[in-house]
Amino acid sequence: MTRDAFQPARRRLIGLALAALAGVPARADVGATAQAAGLLDAIDAEAAARFGFRYLAQHTGEARLPELVAYLAAAIREERATGTKGISRLTALRERIRHDYRDADCVDLDGWLLSRTEARLCALAALSRAA
Amino acid sequence: MFIDARDLPDGSRLETDLAIVGAGPAGITIARALQGSGRDICLVESGGLTPESDTQALADGECAGIDYPLQASRVRAFGGSSHHWGGFCRPLDPIDFEARDWVPHSGWPFGFATLAPYYARACEILEIAPARFTDAAYWQAASGDTLPEPASGRVATTFVQFSPPTRFGTRYHAVLAEAMYIRVLLHANVCALESTADGRAVSGLAIRTLDGRRLSLAARTVVLATGGLENPRLLLLSDGVAPNGLGNDHDRVGRCFMEHPHLSHFAEIVVADLALLPRVYREQLQVDGRRGQAAFHPSASFLRQRRLLNATFMGGIGTTFAPDAPADTPLAEEQRALLRALGPLMSARGPAREGAPLGHVFNLGCACEQAPDPDSRVTLSTTRDALGLRRLRLDWRLGELDRRSFAAHVRALAQEFGALGIGRTWLDLGDEHSWPITVSGGNHHMGTTRMHADPHQGVVDADCRVHGIDNLYIAGSSVFPTGGAANPTLTLVALALRLADHLGARR
Ligand SMILES: Cc1cc2nc3c(=O)[nH]c(=O)nc-3n(C[C@H](O)[C@H](O)[C@H](O)COP(=O)(O)OP(=O)(O)OC[C@H]3O[C@@H](n4cnc5c(N)ncnc54)[C@H](O)[C@@H]3O)c2cc1C
C-alpha cells in the first residue's frame, strides 16, 4: 500500500479548480440543463433524486445546478485525461467514484456512505427534478 | 487408559510425573505431544465422556459487568468446549504480537515467527492442514473466480478455514485410551493446587468427585489447562499457602479478561452485480477436502496509522431483490431505491437481462479485538458451587478504544466496498462511543493469566510457566497477552505444542 492511499482527494481539488476556471455561471442556464440531462441519462434520476435531496439538505451551498454540472463534467474530463483514454462518460464517472472511495472522500446520507461524486450526481438529479 | 474417579476409593492417593488439569483441546494436545516421552502423565478431567448437567452446573457463576453466558460458553466434559465449537480457524496476525504504543499492555514476549512452526502442526491437529490462510492465489485458482486486489490499502483479505470441527473428546479418545503412560481421570474435579510451604513449587492436586470422594494426586509438574475462565479461578482458589492465590503475588491473576466482542446488523451492503463479490467472500467453499471463506481485516499499516485495534469481518448474502417485487420494510425500500439510482455506477455489466435480480444485500458480522484492561476481570464470588468452592465472578468491560476501532473499521470497509465497486453500504453504528446492548462474546476467554516477562505485568513467563513457581504451567487462551481478532483455538493449540516441547526438553 502506498501513502497516497490516505492523502486527501487531490484529484477532486484539481477538478473543482478547473470548474472554477471554466467560469461557472451563477444560475441555471439552458446549456447546463442539457448537460445535466446528459449526465443523468445513465442512472435512474427519479430514484437518485431521493438521495440528492438529502445531500442538498446537508450542503445547502451546493444547490446550484450549473456548478454541479461543471464539477461533474470536470471530474469526467479529468478521469479521461489521467485514466484510460477514450472511456465513456459513464465509465469515467464510475472510475471517479471508485477513487473517491479509495481516497475516503465520502459523505454520510442518513446512514448511507456514498462517494462525494455520486452524492453530487444524485443532487443534480434532485435539482433537475425540482427545476 | 481411562479411569472414572468415582470408581476409586475415597482418600486414594495417586502419583504422576506430569498432571494436566483439564482435557480440552489444550490439555489433550499436550498429553498427546508428550506421549512416548517416557514420562507418566495423568490427565485430570472434571467431566465424563459426554456433557452431564450436574458437572456442567459447576461452570456457572456471577456477572458483574456486561452480561455473559458463563455456562453456555464452555463445556465441562472430556474434550472440553470442542464439543460445541464452530471450527473457525485463523492464526493471529503478526501485528497482534507487537507492543503497540496505542494499546495499553500490548506485546507478546515473542513474535509470530516463533509460533509459525507450531501453527503448522496445530493445523494438523485441527484437521485443516495444509492451511491456506493468506494464499489468495490458491483460493482464486480453486474457485475459478478472480479475487479483487485491495483498493484502498486500509483493508486486507484473509481466509478463515474450518475444522470439521475436530471434537477432541471423540477424535483423540482411542489414542489416549491406548497410550501406555497416559491415564485419563474422569469425573475428577480439581479443587485446589497444593504447594510446598514456601509456595515456590506445586506438590499436587486436591480432587473431589460430585459423589463426595476426595482424592489427591502428587505430581512433579502441573499444567493447568481448564480454560480461560477456570484457570484463574483455580489459581485464586489455591490459597492454602499464598493467601491471594497461587501466582498472584502481584495481583495479576484474573485481570485483563478479554473476549472478541461480536456484533451483527451494523451494516448492510447493497450489491448490484454478484460477479464483483466472488463466492469465497460470501459463502464457505469446499476445496481439496477443506472449507474456507474469505474474511476482511484492517491492514497493519491502517492499524498503525490510525492507532486502532484489530478486527475480522465476514459476511453472507441475506436478501436478493426481485426486480419488481414490493419492498417489505422501509430499509428494503431504501436499498431498492439506491440500487435503481446507482446500480449502473456500481456494475460495468450494462443493462440487466430481463427478470434478473435488482441486486442483493450482503450482511456483515464482526469479531473485534479488545484491548487488555486490568479492570475487566475474573474474581471469586461469595456464592459456592456443588463442591463448596467459590464460584467465579466475571466483570467483563469494554472500552473506548475498542468501540472507536470497530466504528473506524466499518467505515473503512464501506469505503473499500465502494472502491472495489462491490456495493454501497448502509451503516447503523448507533452511538459510536458506547457499545450497544446487543454486543456479545464469541465464547473466547482470554488474558486472565497473561504472559509477560515481568512478573509485575503477567502471570506466566514466555514458557507459560507461572512466575515464581518452578513446576506450574498454564495452557490455553488465558495466557494470551492480547487476543487479536482471530478465533483462539488454533493459537492456543499452537501454544500447547510449544509448551509440550518445552516440557519435553526440561526433563
Ligand atoms: C459454542 C462455542 C463455539 C466456539 N467456536 C469456536 C470457533 O469456531 N473457533 C475457535 O477457535 N474457538 C471456538 N470456541 C472456543 C473453543 O471451544 C475454546 O477456545 C477451546 O475449547 C479452549 O480449549 P481449552 O482446552 O483451553 O479449554 P476448554 O475447551 O474449556 O477445556 C477445559 C477442560 O477443563 C476441564 N475442567 C475445568 N475445570 C476443571 C477442574 N476444576 N478440574 C478438572 N477439569 C476441569 C473442563 O471440563 C474442560 O474439559 C467456541 C466455544 C464455544 C462454547
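Predicted model: local features only at pLDDT ≥ 70, side-chain atom pairs only at ≥ 80, totals over all residues.
How many salt bridges does the rule find across the interface of chain B and chain A? The points below take that up, then turn to two places inside chain B.

1. Across the interface of chain B and chain A, the rule finds five salt bridges. One links the side chains of Glu334(B) and Arg50(A), with N to O at 3.1 Å.

2. **Extent of the interface.** On the chain B side, 32 residues are in contact with 30 residues of chain A. The two chains bury about 2600 Å² between them. Carbon and sulfur atoms account for 61% of that area. In chain B, the residues that lose the most area to chain A are Glu334(B), Leu345(B) and Gln415(B). Together they make up 22% of what that side buries.

3. **Polar contacts and contributing elements.** Twelve residue pairs are in polar contact across the interface, both residues at pLDDT 80 or more. Four elements of chain B each give two or more residues to the side that touches chain A: helix H9 (300-306), helix H10 (330-346), helix H11 (400-419) and strand E18 (423-427). H10(B) provides the largest share, eleven residues. By type, the chain B side divides into 16 nonpolar, ten polar and six charged residues.

4. **Strand pairing between chains.** Strand E2 (residues 112-115) of chain A is joined to E18(B) by two bridges. The two strands run antiparallel. Within E18(B), Thr425(B) is the bridge partner of Leu113(A).

5. Arg255(B) sits in the loop between helix H7 (230-237) and strand E11 (262-271) of chain B. Is Arg255(B) buried or exposed? Its relative accessibility is 12%, under the 20% cut-off, so Arg255(B) counts as buried. A polar atom of the Arg255(B) side chain lies 3.1 Å from the backbone oxygen of Pro374(B). Leaving out residues up to four places away in sequence, Arg255(B) touches Pro374(B), Asp375(B), Ser376(B) and Arg377(B), along with Gly447(B) and Thr448(B).

6. **A mostly covered helix.** Helix H1 (residues 25-34) of chain B has eight of its ten residues buried. The buried set runs from Pro25(B) through Ala26(B), Gly27(B), Ile28(B), Thr29(B), Ile30(B) and Ala31(B), and includes Leu34(B). After H1(B) comes Gly36(B), which has a positive phi, near 85°.

Methods. Residues numbered from 1 in each chain as written. Chains lettered and ligands numbered in written order. Heavy atoms only, no water. Contact = heavy atoms within 4.5 Å. Buried area = accessible area lost by both parts, 1.4 Å probe. Salt bridge = Lys/Arg side-chain N within 4 Å of Asp/Glu carboxyl O. Polar contact = N/O pair within 3.5 Å; in protein donor to acceptor, adjacent residues only side chain to side chain. Nonpolar A, V, L, I, M, F, W, Y, C, P; charged D, E, K, R; others polar. Pairing = 2+ DSSP bridges. Buried < 20%, exposed > 50% of the residue type's maximum accessible area, 1.4 Å probe, protein only.
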